[in-house]
Amino acid sequence: MIRQRTWAAVSGALAVGLGVIGGELAAAALSPSVTPVSAVGSAVTDGLPPGVKDWAIAWFGTADKAVLLGAIALVIAVLALVAGVLEHRRRFAGRAVVLGFGVLGVLAVASRPQSSLVSFVAPVLAAVLAVLVLDALVRSLGSWTRAAGTDTEGSTPARRRFLQGAGGAAVVAAATGAAAAGVRSSQSTVAQQRAALRLPAPADVTPPPEGSVVPDGADLEVEGITELVTPSDDFYRIDTALVVPVVDPAQWSLKVTGLVDREVEITLDELLALPLIERHITLACVSNTVGGDLTGNARWLGWPVRELLARAGVQAGADMVLSRSVDGFTAGTPLEALTDARDSLLAVGMNGEALPVEHGFPVRLVVPGLYGFVSATKWVSELKVTRFADDRAYWSTRGWSERGPVKTSSRIDVPRSGARIPAGDVVVGGVAWAQRRGVEAVEVRVDGGPWQRATLARPISADTWCQYSTTLRLDAGSHTLQARTVDRTGDVQSEASVEPAPDGAEGLHTVTFTVT
Ligand SMILES: Nc1nc2c(c(=O)[nH]1)N[C@H]1C(S)=C(S)[C@@H](COP(=O)(O)O)O[C@H]1N2
Ligand SMILES: [Mo]
């Protein structure tokens with residue numbers, strides 16, 4: 001009977017929906033960093049072959065998290081409908097499927113580094129709820145089916161009982177969902193703790209060291225060009241976390257372990273009491289394509305990592321620091337990048353405020369000159385002093401390079417691709433970067449013609465990007481514009497087109513527009 005089968009599928013959806021929502025409510029209350037759904041998503045993320053992941057990032061960009069959650073919801077929904085039909089056909093068959101997925105949920109939670117014993121309550125509760133509701137609804141549906149088969153008269157009360165049960169389940173699911181959303185939004189504790197955190201002023205030094213302040217002439221104030229210092233809200237975000245790790249600043253500490261004379265541990269209060277410094281540093285993601293927007297420049301407040309490493313005493317033979325996040329992400333940074341004169345920071349502040357939660361609150365690493373995947377660990381909890389020969393970091397086990405110096409590059413912000421510009425002077429502008437080496441010049445060329453030097457803004461430091469601009473007089477018609485950076489060692493940005501994997505894109509940003 002088609003109709004009964006539809007109702008069986010609906011029963012499955014209601015049972016599994018109620019279970020999943022109940023599980024998320026329990027997790028929101030008990031274990032906000034690890035919910036069954038987020039754990040499955042994270043386990044899938046970590047388990048995906050690198051090719052699939054790169055493909056997903058290429059197709060969906062920063063929406064990849066939403067796409068993954070959508071895909072998981074779809075799989076759960078299909079499974080739920082099937083489980084309902086199976087259970088109606090054969091007692092226990094549907095419940096077995098639901099239980100199987102419950103086991104997967106438990107395994108996914110177990111695979112999360114942040115999970116604790118209490119994190120298992122949610123997936124177990126979800127499975128038990130789904131099984132009980134499925135059993136009750138399908139049994140009630142069975143009575144209706146049997147009644148309808150024998151006497152049509154008697155089928156009405158059975159039908160009513162089933163529909164009441166199903167309706168009740170839907171109402172409870174909706175109420176539970178609302179409760180889960182309520183608990184989530186009341187969980188402002190970390191947001192409140194962040195707002196309450198008082199950052200110390202940077203240590204007072206005269207004259208201010210390079211990189212600490214924006215000098216006159218650093219901002220060309222060209223319309224449409226990238227802002228010199230990226231507002232935190234606009235700063236690109238890249239990480240593997242489906243749910244932003246919730247770290248209680250009072251509980252946070254950072255341990256230095258591995259090849260050290262003595263393990264040291266530092267709390268946030270201790271860190272904040274140290275003489276902190278502030279530097280502008282331009283971060284870049286290795287996945288950034290030529291002309292892409294996975295770069296940002298911010299003012300970071302923090303304590304030099306080299307000071308902490310000195311406290312621990314790095315032993316001979318070490319050449320790498322494996323930094324670990326509370327969520328299990330790791331980055332492998334060459335030891336020298338954390339001990340040489342550059343100001344690699346244990347950052348607590350971004351643009352004058354405590355780190356935003358999604359940018360690593362309460363503490364992250366910021367290392368000038370290296371791509372984020374080998375250096376910029378957010379929600380950092382451990383620095384293990386080790387050797388490249390002994391340890392491998394998250395992305396290096398997934399096909400990306402072990403070393404990740406940022407490649408010299410540039411981006412054209414204006415004119416935009418496809419723009420139609422009235423005849424006359426055409427304003428060209430953008431940003432260029434060559435972290436560590438510094439930008440010496442930016443050159444532009446039109447329609448493959450000769451390279452011409454643009455006006456370069458005064459850099460904040462060698463570790464920040466630099467604005468450039470020039471004005472061109474062009475004939476009406478379609479034009480192609482390219483830019484390239486010359487660094488202070490005299491090296492010129494590479495022209496050959498290279499994909500981001502495994503160690504960063506290369507090539508020239510090319511923009512085509514029309515002068516009318
Ligand atoms: N815990 C954690 N830290 C992380 C990552 C991550 O996935 N997890 N991604 C890294 C990468 S690949 C980059 S490019 C930078 C991005 O930092 P942002 O999100 O603050 O821009 O963070 C790095 N730190
Ligand atoms: Mo990245």
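A backbone N or O atom of Ala376 lies 2.9 Å from a nitrogen atom of ligand 1, which falls within the limit for a polar contact, a pair of N or O atoms within 3.5 Å where, inside the protein, one must be able to donate a hydrogen and the other to accept it, and where residues adjacent in sequence count only if both atoms are side-chain atoms. This is a predicted model, in which local features need pLDDT of at least 70 and side-chain atom pairs count only at pLDDT 80 or more, while totals for chains, interfaces and linings use all residues. Residues are numbered from 1 along each chain as its sequence is written, chains are lettered from A and ligands numbered from 1 in the order in which they are written, and side-chain values use heavy atoms, with hydrogens and water left out.

Side chains also reach ligand 1: a polar side-chain atom of His359 is 2.6 Å from an oxygen atom of the ligand, and an N or O atom in the side chain of Lys378 is 2.5 Å from an oxygen atom of ligand 1. Of the 530 Å² of accessible area that ligand 1 has on its own, the protein covers 99%, with areas taken from the Shrake-Rupley method with a 1.4 Å probe.

Turning to the protein as a whole, its secondary structure comes to 11 helices and 19 strands, which are DSSP runs (H or I of at least four residues for helices, E of at least two for strands) numbered from the N terminus. Buried residues make up 50% of the 516 residues, and the C-alpha atoms fill a box of roughly 90 × 65 × 40 Å along the principal axes.

Arg279, in strand 3 (residues 277–284), counts as buried because its relative accessibility is 11%, the cut-off being under 20% with a 1.4 Å probe and protein chains only; its side chain is joined to that of Asp343 by a polar contact of 2.8 Å. Leu137, placed in helix 6 (residues 121–150), is likewise buried, since its relative accessible area is 5%. Between Leu137 and Val260 there are 123 residues in sequence and 61 Å in space, C-alpha to C-alpha.
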